[in-house]
Amino acid sequence: MSSTAVQGSDPSTVHRGAPAGEPLLAATDLVAGYVPGVNILNDCNLVVHPGELVGIIGPNGAGKSTLLKALFGLVTIRSGSVVLKGEEITNHRADSLVRRGVGFVPQTNNVFPSLSIQENLEMGLFQAPKRFAERFDFIVDLFPVLGERRKQRAGSLSGGERQMVAMARALMMDPSVLLLDEPSAGLSPVRQDETFLRTRKINKAGVSIVIVEQNARRCLQICDRAYVLDQGSNAYSGPGRELMHDPKVIELYLGTLATDVEAAAADRPASPPAAAPPAPPAG
């Protein structure tokens, strides 16, 4: 068995590599789903400590996005608990969670396209409008381009720029933890890299982050720890870079194509030098 594999409900394997101390956010034995009698999450667990960047990866249909939505009150939790800073928040409404310090950026439809960048940010602070100047300064310090283009309509932005606006809007209420649902989806490789760098920058500014990603390798490169979900349950966990090199995780979830290509290149004999062209016939 892989050293990062989860063994039952043993916290030392379920939350492998987690720091000591009280977590900021803890989800315990979550069972949740969209329709009665059909569970997407099956005894799913997650902890996030202050300052951590935690990744969630796994195959399509594993329950990754459902986990984020359950944490944010968008999917009904049938059993289990979610605790934030010692307070039970299971099945609280999204607006209540925002007030308590939880931010959420959905994968799609995450900006108001007819509004300007500034107006989008104002919408993020509708529960505390008097703090706009203070929070706008924080956002512009992180993402100067948003200050320069504050009057531009969000609908005219590129996909990567829209993602930046969506993240910024979620940060306006000064969350202690930010939930990101596949922020690199649909972006070009260059824009994907920018999004991952942006995520790390937000984390370094003091915001704990939970990020769901299909780009598993890149996610594992930037996160402190990660959970691998499979069929709604925890399958593997550990430090991101450790999971990247775990043979079982590579085989089951990251694919072996890159490894096979590298091995084939290493085993391939060097090509013989090209034969010299024949000499032209004597005139």
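Trainee: What is the mean pLDDT of the protein, and what share of its residues reach 70 or more?
Mentor: This is a predicted model, and pLDDT is the predictor's confidence in each residue, on a scale from 0 to 100. On that scale, 87% of the residues reach 70 or more, and the mean pLDDT of the protein is 89.

Trainee: How many contacts beyond four places in sequence does the model have for residues 256–266?
Mentor: Over residues 256–266 the pLDDT stays under 50. Where pLDDT is low, the predicted coordinates should not be read in detail. With that caution, the number of contacts that the model has for residues 256–266 beyond four places in sequence is two. For residues 268–278, where the pLDDT is also below 50, the number of contacts beyond near neighbours in sequence is zero.

Trainee: Is Ser116 buried or exposed?
Mentor: Ser116 lies in the loop between strand 6 (102–105) and helix 4 (117–124), and, leaving aside residues up to four places away in sequence, Ser116 touches Arg150, Lys151, Gln152, Arg153 and Ala154. Because its relative accessible area is 10% and the cut-off for burial is under 20%, Ser116 is buried.

Trainee: Which cysteine has the sulfur nearest to that of Cys223, and how far away is it?
Mentor: A search of the whole structure finds zero disulfides, a disulfide being a pair of cysteine sulfur atoms within 2.5 Å. Cys223 is accordingly in no disulfide, and its nearest cysteine sulfur belongs to Cys219, at 4.7 Å.

Trainee: What is the relative accessibility of Cys223?
Mentor: Burial requires a value under 20%, and Cys223 counts as buried because its relative accessibility is 6%.

Conventions:
Residues numbered from 1 in each chain as written. Predicted model: local features only at pLDDT ≥ 70, side-chain atom pairs only at ≥ 80, totals over all residues. Heavy atoms only, no water. Helix = DSSP H or I, 4+ residues; strand = E, 2+ residues; numbered from the N terminus. Buried < 20%, exposed > 50% of the residue type's maximum accessible area, 1.4 Å probe, protein only. Contact = heavy atoms within 4.5 Å.
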